[in-house]
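Hi,

Here is the structure I promised to pass on. Have a look at it first, and then read on for what turned up.

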Amino acid sequence: MNNFEFYNPTQIVFGKGQIEKLKDLIPTDKKILMIFGGGSIKNNGVYDQVKKSLMDHTLFEFGGIESNPKYETAIKAIELARAEKIDYLLAVGGGSVIDATKFISAAINFDGDAWDIPSKNATFENPLPFGTVLTLPATGSEMNCFSVMSKGSDKLGFGNPSLFPKFSILDPQVTYTLSEKQLGNGLVDAFVHTTEQYLTKDVNTPLQDRIAEGILQTLVEEADKVIHIKEDYESRANFMWSATMALNGLIGSGVVHDWATHMIGHELTALHGIDHGRSLAVVLPSLLRELKEQKKVKLLQFAQRVWGIEGGTPDERIEKAIVCMEDFFNKVGVPTKLKVYKITEDDLPTIVSALRSHIPANLGEAQNIDQDMVLRILKRAL
Ligand code: NZQ
Ligand code: ZN
């Protein structure tokens, strides 16, 4: 096992009706800015629940954070927060709203061009404290200190230990209004967060591996109910907690990380508007096929423990496992081929060079995924 430090201060408040606890989670002397997206929370009652719980607090609002949150919109929220001397932020939404809130928290007391925070890893001071009410299980942003922001065709991630939410409220009932498409995206995102930290180099981490396998198996087992039964509390609860556990640092401690699927996927989102989860479902199967020798030990373990594959040569077992994974993505309504998005071979060089301009170094756990390999991975995904 590799050396590691594990730090996660986010308080999780999980279960039915927990939004009413907001009033106890934020001190009453705080001036709060509630940040939300395009309006889903007004249609499903979450907005009303938040307002009711915080009726004795001073509460301002900023709506309109888009999916793949835009820098320019976050800057408008910062202007409002500065003008009103806000000292606490509350994100109510999915990963995009939470990520934008993290950026607002980091940038509010930053002198200069705030885009330097994601683009140049600029240091910032005195971030605002914030909490979240999660409405979409997927990103894990509710219990980690990372954020992904977009400006033009740049989609960049950043992170800082000062950007963990103080608390996150996870009420699985608020997921009942999610579309099948968003549920499928969320299942795939959580699945791929897990594989990015599990299907890498074996460094003898049986506990982390078994937790990762538990997350993958739970997602696979619950997926059918999650997608097809609208108000099944238990399956939504298991999905929601799995997605949080997939990217809160626990399974990533002491193991070797990959993240190449995410980095390539971000370019597909930035250049072709493909939803985050959908971008990953296209890249991961091809990446695993391309790197099957390097990832052999873990891929064989994945085949046996997650999919129960026993017979055949190692190569056959690995291929079967990748096919099982593709079937799973397709079953939850998420395609695994670029052609669905009308992306052809001619589009690939632009994607590869955009990636190289954002991340000049090679990708992957062995830092051997260079431009040529990215191109091969994308060609396999056509
Ligand atoms: O904007 P509203 O109206 O709220 O609608 C949203 C949005 O259209 C809707 N939605 C959310 N909760 C709902 C709901 N609709 C009905 N009922 C509900 N309960 O769903 C749509 C998608 O929301 P969004 O927040 O964009 O999705 P997601 O949570 O998948 O977040 C995606 C973003 O997170 C980043 C992605 O790159 C992308 O920008 N990621 C962040 C990570 C992190 N911070 O650790 C890691 C991830 O790998 C990922 O990169
Ligand atoms: Zn992701």
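**Strand 5 and its sheet**

Let's begin with strand 5 (residues 130-134), which is mostly covered: five of its five residues are buried. Keep in mind throughout that this is a predicted model. Strand 5 is covered on both faces, with Phe130, Thr132 and Leu134 buried on one side and Gly131 and Val133 buried on the other.

Which strands pair with strand 5? Strand 4 (residues 88-93) is joined to strand 5 by five bridges, and the two run parallel. If you want a spot to look for in that pairing, Leu89 has Phe130 in strand 5 as its bridge partner. Strand 8 (residues 167-170) also pairs with strand 5 in the parallel sense, over three bridges. There you can find Val133 opposite Ile169 in strand 8, and Leu134 opposite Leu170 in strand 8.

Zooming out, these strands belong to an open sheet of six strands, in the order 1-8-5-4-2-3 and with parallel pairing. Strand 1 (11-14) and strand 3 (58-62) stand at the edges; each has a single partner strand, so one side of each is left without a neighbour in the sheet. On average, neighbouring strands of this sheet are turned by 20 degrees against each other, direction ignored. As a bit of background, strands of a sheet pair through backbone hydrogen bonds, either parallel or antiparallel.

Helix 5 (residues 95-107) lies across strand 2 (31-36), strand 4 and strand 5, and runs at about 165 degrees to strand 4.

**The zinc ion**

Next, the metal. Which residues coordinate the zinc ion (ligand 2)? The donors are Asp189 (OD), His193 (NE2), His262 (NE2) and His276 (NE2), at 2.0 to 2.1 Å. Along the sequence, the donor residues are spaced D-x3-H-x68-H-x13-H. His193 sits in helix 7 (residues 180-198) and His262 in helix 10 (residues 260-272), so this pair ties together parts that are 69 residues apart in sequence.

Are these two histidines buried or exposed? His193 has a relative accessible area of 2%, so it is buried. His262 also counts as buried, at 5% relative accessibility.

The two helices that carry them pack at an angle of about 135 degrees, and the axes of helix 7 and helix 10 are 9 Å apart. Helix 7 and helix 10 are therefore oblique to each other. Where they meet, helix 7 brings Asp189, Val192, His193 and Glu196, while helix 10 brings Ala260, Thr261 and His262.

**Cysteines**

How many disulfides are there? The count comes to zero, taking a disulfide as a pair of cysteine sulfur atoms within 2.5 Å.

**A few single residues**

Ser286 is in helix 11 (residues 276-290). With a relative accessible area of 3%, Ser286 is buried. What is Ser286 in contact with, leaving aside its neighbours within four places in sequence? The answer is Ile377, Arg380 and Ala381.

Ile359 has its place in the loop between helix 14 (348-358) and helix 15 (371-380). Ile359 is partly exposed, with a relative accessible area of 25%. From C-alpha to C-alpha, Ile359 and Lys102 are 22 Å apart in space, and they are 257 residues apart in sequence.

Asn68 has a phi near 55 degrees, a positive value in a residue other than glycine. You will find Asn68 in the loop between strand 3 and helix 4 (71-83), where Asn68 is partly exposed with a relative accessible area of 25%. Trp259 is also not a glycine and has a positive phi, near 70 degrees. Trp259 is in the loop between helix 9 (233-246) and helix 10.

Cheers

Terms used: Residues numbered from 1 in each chain as written. Chains lettered and ligands numbered in written order. Predicted model: local features only at pLDDT ≥ 70, side-chain atom pairs only at ≥ 80, totals over all residues. Heavy atoms only, no water. Helix = DSSP H or I, 4+ residues; strand = E, 2+ residues; numbered from the N terminus. Buried < 20%, exposed > 50% of the residue type's maximum accessible area, 1.4 Å probe, protein only. Contact = heavy atoms within 4.5 Å. Donors = N, O, S within 2.8 Å, 3.2 Å for Na, K, Ca; no water. Pairing = 2+ DSSP bridges. Axes fitted to C-alpha atoms, helices over the stretch in contact; angles between N-to-C directions. Parallel < 35°, antiparallel > 145°, perpendicular 65-115°, else oblique.
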